[in-house]
Amino acid sequence: MAEETIFSKIISKEIPADVLYQDDLVTVFRDINPVAPTHVLIVPNKLIPTVNDIEPEDEVTLGRMLVVAKKIARDEGISDDGYRLIINCGDHGHQEVMHIHMHLVGGRPLGRMIKRET
Ligand code: AMP
């Protein structure tokens, strides 16, 4: 069984967060340590630790994450200028919280996605 993280407690409202949206499949809240004017996390209510743990039955949930990302971007007023959606996985992806989450980051130019080594 996957171990619950702080995100499960935010989803179940056991601990507070700045929740922007919640439905039967996903919860959206502001990142506690934002890197841009808009930085929110779109999180499945079901505990899926990493992208490696996704099952075919999760397709609808994963699709909902993108549909909700579009809505939140619009609500935040950043749709036209653009933004970035990021899902980190594992050590090399620098995933810190083992409950899948999609970062929605925007509100300023973000530059290149990943720094080149050379
Ligand atoms: P990642 O490196 O993709 O696992 O990102 C984890 C993100 O969760 C980081 O950007 C953290 O700032 C954020 N985070 C950790 N704890 C909380 C919390 N209690 N409320 C909101 N965001 C959090």
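Colleague: Before we start, what does "partly exposed" mean here, between which limits of relative accessible area?

Modeller: Buried means under 20% relative accessible area and exposed means over 50%, with partly exposed in between. In this model, which is a predicted one, L66 has 48% relative accessibility and therefore counts as partly exposed.

Colleague: OK, and where does L66 lie?

Modeller: L66 lies in helix α2, and together with Y83 and L85 it makes a nonpolar surface patch of about 250 Å².

Colleague: How far apart are the ends of α2, and what span should its residues give?

Modeller: Helix α2 runs over residues 59–76, and at 1.5 Å a residue its 18 residues should span 26 Å, which agrees with the 26 Å between its end C-alpha atoms.

Colleague: Which residues of α2 are buried?

Modeller: The buried residues in α2 are T61, M65, V68, A69, I72 and A73, and because they cover an arc of only 140° around the axis, they sit on the same side of the helix. An α-helix has 3.6 residues a turn, so residues three or four places apart point the same way.

Colleague: What do those buried ones pack against, and what is exposed on the other side?

Modeller: The buried residues of α2 pack against β1 (19–22), β2 (26–30), β3 (38–44), β4 (83–86) and β5 (102–106), whereas E59, V60, V67, K70 and R74 are exposed on the other side.

Colleague: What follows α2?

Modeller: The helix is followed by G77, whose phi is positive, near 75°.

Colleague: Switching to charges, how many salt bridges does the structure hold?

Modeller: The structure holds 7 salt bridges. One of them joins K71 and D75, with the closest N and O atoms 2.8 Å apart, and these two residues are separated by about one helical turn because they are 4 residues apart in helix α2. There is also a network of salt bridges that links D18, R30 and E76.

Colleague: And K46, which residue does it meet at 3.3 Å, and which at 2.6 Å?

Modeller: The side chain of K46 meets that of E57 in a salt bridge at 3.3 Å, N to O, and K46 also forms a salt bridge with D58, where the closest N and O atoms are 2.6 Å apart. K46 and D58 both lie in the loop between β3 and α2, so this pair ties together parts that are 12 residues apart in sequence.

Colleague: Are E57 and D58 buried or exposed?

Modeller: E57, at 61% relative accessibility, counts as exposed, while D58, at 2%, counts as buried.

Key. Residues numbered from 1 in each chain as written. Predicted model: local features only at pLDDT ≥ 70, side-chain atom pairs only at ≥ 80, totals over all residues. Heavy atoms only, no water. Expected span 1.5 Å × (residues − 1). Buried < 20%, exposed > 50% of the residue type's maximum accessible area, 1.4 Å probe, protein only. Arc of directions from axis to C-beta. Contact = heavy atoms within 4.5 Å. Patch = residues over 30% accessible without salt bridge, like charges linked within 9 Å, V, L, I, M, F, W, Y side chains within 5 Å. Areas by Shrake-Rupley, 256 points an atom, 1.4 Å probe, with all protein chains shown as cover. Salt bridge = Lys/Arg side-chain N within 4 Å of Asp/Glu carboxyl O.
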